[in-house]
Structures are given as structure tokens and as C-alpha cells.
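User: I have a model open and would like to talk through its fold. Could you go over it with me?
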Amino acid sequence: MARWCYRHRLVVLLLWVGALFGLGFSASTAGTDYANVFSLPDTDSKKAYDLMEKAFPARAGDTDTVVWKVDEGTVRDQDVRSRIQPALEKIAGMKGVGGVTSPYAGEQGGGQISRDGRIAYAQITFADQANAVPKELVQDVVDTARGAERGGLEVELGGQAIQRVQEPPTGLAEMVGLVAAAIVLFLAFGSLFAMLLPLAVAVFGVGTGLFSTQLLSHVTDIPDLAPLLSSLIGLGVGIDYALFIVTRHRKGILRGVAPEESAVTALNTSGRAVLFAGGTVCIALAGMLVTNLRFLDGVVVGTSLTVVLSVLAATTLLPALLGFLGPRVLSRKQRRRLAAEGPEEERTSGPAARWSAEVQRRPRTIAVLALVVMAVLALPVLSLRLGATDQGNNDASTTTRKAYDLLAEGFGPGFNGPLQVVVDGTDTTALVRGIEDAPGVAQAAALPPAKGVTVIQVVPTTSPQSQETDTLIDRLRDDVIPKAGVKAHVGGVTAVSKDFAAVTGDRLPLFVATIVGLGFLLLLIAFRSLVVPLTAAVMNLIAAAASFGVLVAVFQWGWGLELLGLGKEGPINAFLPVIMLSLLFGLSMDYQVFLVSRMHEEWVHTRDNARAVRVGLAETSRVINSAALIMVCVFLAFVLSGDSGAAMAGVGLAAAVALDAFILRTALVPAAMHLLGASNWWLPVWLEKRLPHLAVEPKEEDVTPSAGPSDGPATAVHGFVRDVAGDPVENASVALLSKGGRPLDQVTSLADGSYILSAPAPGTYLLSTTAASYTTQARQVTVGAEPLVHDVELAEMSEVN
């Protein structure tokens, strides 16, 4: 497929462009129909909602609030009323506004004025839900209301529709993330064209994914958070997957392989790993389904679809783009050096190789330090409290936050999150009296009954997010209502949030067990080992604990919130653990696959665990760290999204990826594998026979024409083993192995460093050379009908870069 896409690159590009613009046109024509559906069966708040829906059908439109405060006098003063009332009348007359409930209209309006008379509010009911209200209409409402301000009179607005107009422009977070990713890619590649390739793949993958999700919102319930999370994960994996493939392709060209063959090899090696990694991300996302929280179903659909399309773009569109560029995927400097000096010899050097050697020398010290860092970061998770954020968590400069604070000041902290005790009956005298006497209740009032159902509005003395409010809900359910002897349920947004957090917490262990178990099975099949997947599972749990510790410290304790411009501290969104763990486990599996697949390849060749871990880390850590840095930039950019849930997910995932890549995969995992030795690759014989075979990343030589010995006469490989200074190395062990690592011949170098090995037939082999005090070297050699002359240069252990 890769070769076809490379050769028919114009067709492939046109198909992708047509798909992107076709889906974009269809999505813009159809519009959006996102629905936030919190289905919590068998919860008290859901029963309350069902009773209210039966007796008091919900009004179609979104209800927002205008709040005003005077510094002197009262809101009833004529000079205040003469400014506010005309503004409210003008808003009521706007097309798309269903009505305005003013404190200046009738006796009922008196309840909308605070006791001291300095704060009042009016409710604006739109004709549509918040997502469907045109932003132009909302902005007109905001401008009209704020236009009534004067010295000593403050006017603020709150509500879901108002929240939308104060958010940054759509796509700002994505653009910032792409710019940051472009900078990292340019520094990694040194080539403008190579930098653009991963960005193009990500744009096509995320674009088609978002447009498809928007279309699907018309046929299934998809929450409005799904597009944000889809673009967040899609940008990250799209750029990363393309980065892995482009890196392998550039490596092939530098070694003298023709661009087409290099692209095919890159897709058949790193491309297969990308397919496997994308599959693991989708499996981890699908793990959310076991929670049976219908709200998350749409998130699974949107994010999984975007990941699938990102993988498809990386495996079809990318080889087509590589065909357009040819050797220009290299920088000018690299192309000039390739033309002047010929193909580069494959070697690993630089900081990655030095760090890998350091991990091999001090595995215990590095493992202990890494564990201490992760443990310290994980400590705050012990105080994790799930709940829901609201406009009280917005930045202090926003009008929604100011309106929230004014309502709390004028009518009490609990006014922003009233409880609704829904009674199946009309005799509520005893219940109202019991609620009023309950600790933590500021006021309670029964509304006129309808269809045999009565609603009691309960205003707590504490804010919706406080622990005391949660305690009050439990007190009403477990004590007050049973004593009153009536059938009643506690509902309202605050109660729904509490129940959602409780249900999520109860189902979280099953969810974690599911995704950890599936990840274990996938790695078990891929690497034919029990220890490797077990190590990966433990590391994933460590990364999850540390990342949630960071999340608690920032968003629940408020450390650094002002620096990030993220408003006020509060509980962690109840849905976030499930979403974050899905994404974290999927992305962690990506890095584990790319790291361990290279180690596994070296282990199959040499059966030397120390060398396999050292070479695997040295050759993959740079690209893994670059990919992780890109993901961190993309995720942190979502702090600018204007959505508190997306900002929280962005910070949490950025912390998780950074800790996973820079501490776990770069330090703790290789250190642990050095300490475990050859047992890393242990698998019982009986299990080996029963497991299906799954090749994650075939070796490059497996896809070349001379992939193994062919029929023909025996031949030989001979030469000299020397050190860096050119002096002969005596008693070096030189072995010729098959592609799969099977020994074919082995000799010891003579006093002059010479050796000669017998090859059974022309073909591609692995030449492995080891000597005391020198680094082990393994090179692929291609033997023809005539004996091959191949000199080996060994570096002393102290000279490893």
C-alpha cells in the first residue's frame, strides 16, 4: 500500500483534499447538534429529574442572568432603575429572546433583590439552548446590559450562552499548539519540508475527524466537549505518528537507500508500529464504555474516529507527500554531505547514547531517583476530590465569574447551586419544616404543585463545590426525607454533579482493570514476554498517579492557577479521570511500543539484554522525547481554549506525557530492564505455543530484496578487528548470525586482529563483534558470491558517547 501511495501520490493527495473539503462543506451545511446527556440510571438525582420532567416540562431555551450592584443607595433608586429597565426591555425585544424576568415587575420580582437592596438580578430566557443561540445575539445582549453601567453601578452577566462569547476564538488553542509543534519539529529535523509533513498529516487527520464527528452529532448524542478532546488527542497522535515515520525515512535516505524504497521501508516498519499504537489508543478509549456512563459514549466516538483518521493519514497521505518531496525531506546541509561523502554509516552517538550508557552503569541509582520523583508528585492524589467546575472557577476578570461572585455576595454562596427536592405528592409541610431546620440550609420554599408533584427549592449556606454542600445532600437523603415520611428525591445541578462523581468513583476500578488488562495482553502477544507488559502496566499506574497529583496540586489546591490564568481552584471534574486515563494509557503504550520494539529487535539478534536495552534506549529516546515535547506543547495550548474542562485535561495530559516520556521511558523503564536482565524476555513454553504471533515492527532487513540467505555456493566474510586508534584487537569474538539471531559461525580474532567467517550462501546477515573492555558492535552485512571484506572498529567502554 505504501508503494502504491508513493507512486500515485497525486491521486492520494486529491482524495484527501476532496475528503477534507467535502466533509467540511457537509458539516458547515448541517450545523452542529451536540447534546450534553448525563444519563445516571438508579441515582437519586436522575429520579428527581424524571419527576420534574413529567410535571414541569423543561423550557426549551437557555436561561442566563444579568446582575447589577450599586455602591451607594439601592437598586430600587430611580436613577438606577432608569438605566437598567430600558436595557432589559430592549433585550426582551430582541429576536431570539423568549423573555426577561425583571425584579422591577410585580411583587414576585422583589425576591430578585438582595436584603440590603444593593444587588439585583434579572433572568433572560433565550429561544434556544446555549449552543444554538447565535453569538451575535448573545453579544448584543452583553453590550446592551453592560451599556447601562455608570460610575457606582456595576453590571455583569452569567450563564452558558454568555460563557460562549467570552471564550477565545475557535481554533486558537489548535493554532498555538501547531505553531509550538512546528518549532520543535524544525529544531529536530532542520528542514522546512520535513517540519511541514507531520503538521499536514495532523491537520488532515484532525480536520476530517472533527467534521465527521460534527456530522455524527445529528444521529447520536455527542457532548460539546468531544470536539475539543478529539482535536487535543488528534493533534498529538497525528504529529507523533508522522514524526516516527519521517524519522525512519530520513534515516534510510542518509544510509543511501532510494527515496521510494526508504519510504516503503519506513511504512513497513515504523508504519506498522503506528498502526499498532493507534489501535492501542482506540482500545484504551473504548475502555470508557465499561463505565456505562452514556455521557462518555460520544467522547469515545469522536476521539476514536479522529485517532483512526490520523493513523490513516499517516499511513496513506504521508507516503504520498514523501513522494512529492523525494530527497528534499533532508536539509540542504544533509543533502550536500550525502552527495559529497556518500551514505552515512549507521551509528548512535550524542547525548542519547551517553545517557543510555549512564543508565546501564547506574541502573539502581537512576531507578531509585526516578521512583522518588514520581512518588513525591503522586502524593497530592491522596486528597483528590471529584466534582464539577462551574463559572465560579472562571478567571476573575471574566463577566461570568463576576456575576457568580455578585450573586453569592447578595444572596449567599449557595444561591449559584440551589438544590431541588422533588416530592411525589403535594403534602410537603413537614418536609419543608425539616429542611429549614437542617444544618447547612439557608432557605427553603415549596413551589406550587403540578400533576401531583411538588418542588422545594433549597438554597444551601455553602457554595455548590464545597464539601459541606455534599454533606447536606447526604443529610437530606438519609435523614430529613425519611423522617418526613414522604417519597422525595434530591436533584438539581449540584446533586447531579455529586452523583456523577460518586458513580464515576465506583466504576473507576473496573475501568482501570479493563484498560490495564487489555494493554497487558497486547504487549504480551507483541513482545512474547510476561515481564515487559507487567512492567508497562506498573509504569502506567505510576504515571497516572503522578499526573493526577499534579492535577490536584494545580486545580484543587490552586498552585500556579494565577500564573496559568485559569481562575479559581475547585474539585477535579468527575469525568476527567476516565478520559485522562484512557488517553494516558493509550499514549503511554505508544512510547512503550516504540521503545521496547527496538530493544526486542536487538535482543532477537544478540541475546544480550544489556546491549538490547542500551541500544534500544539510545536509538529511540531522542525521537520519543521529541514526540513527547510536541504533545506537551499541543496539550498545554488547550489552556487557551476557554473551556475549563479542556484546560484541565490539557494540563493533566501534558504533565502525564512529560513524566511518562522524560522520567519513566527514558530512565525508570530502561533501568528496571537492566536490573531484571534476561528475565525481561521470559515466557513459559506452554504459553508461547498458545499465543498468536503479532509482528509489531519487522526489522528493516526483512523488507529488503536480500532479506536472507539465498540458494547458492558457500562464501565468506573476512577482515580485521581494530580499535579507534587503528591498533589490532586480539581475542575478539566475531560471530555471523542469521536474520532471526541464529548463530551460523563464530571465531576469535588473531594477534593482528584478522578474522574469517564462513557464510552458508549469499545473502544478508548480522555480524556481531565483542571484546573485553570494548563495546559490543552488531552490523548488518550483505554477502555476495565473492567473499566480503569487512573491517570492524571497536570503541573502548570509557569512550562511548
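User: Where does A161 lie?
Analyst: Bearing in mind that this is a predicted model, A161 lies in helix α6, which covers residues 160-165.

User: And is A161 buried or exposed?
Analyst: A161 has a relative accessibility of 0%, and because the cut-off for buried is under 20%, it counts as buried.

User: How far is A161 from Q139?
Analyst: Their C-alpha atoms are separated by 9.6 Å, while along the chain A161 and Q139 are 22 residues apart.

User: Switching to the sheet, what is the strand order?
Analyst: The sheet is open and consists of four strands in the order β2-β3-β1-β4, with antiparallel pairing. The edges are taken by β2 (97-101) and β4 (153-158), each of which has a single partner strand, so one side of each is left without a neighbour in the sheet. On average, and with direction ignored, neighbouring strands are turned by 20 degrees against each other.

User: How many bridges join β1 to β3?
Analyst: Seven bridges join strand β1 (residues 63-70) to strand β3 (residues 119-126), and the two run antiparallel. Within this pairing, D64 stands opposite I124 in β3.

User: Which strands does helix α4 touch?
Analyst: Helix α4 (residues 78-92) packs on the sheet and touches β1, β2, β3 and β4, with its direction making about 155 degrees with that of β2.

User: What about α5, which strands does it lie across?
Analyst: Helix α5, formed by residues 135-146, lies across β1, β2, β3 and β4, and it runs at about 160 degrees to β4.

Methods: Residues are numbered from 1 along each chain as its sequence is written. This is a predicted model: local features need pLDDT of at least 70, side-chain atom pairs count only at pLDDT 80 or more; totals for chains, interfaces and linings use all residues. Side-chain values use heavy atoms; hydrogens and water are left out. Two strands pair if DSSP finds at least two bridges between them. Axes are lines fitted to C-alpha atoms, for helices over the stretch in contact, and angles run from 0 to 180 degrees between N-to-C directions. Contact means heavy atoms within 4.5 Å. Buried means under 20% relative accessible area, exposed over 50%, partly exposed in between (1.4 Å probe, protein chains only).
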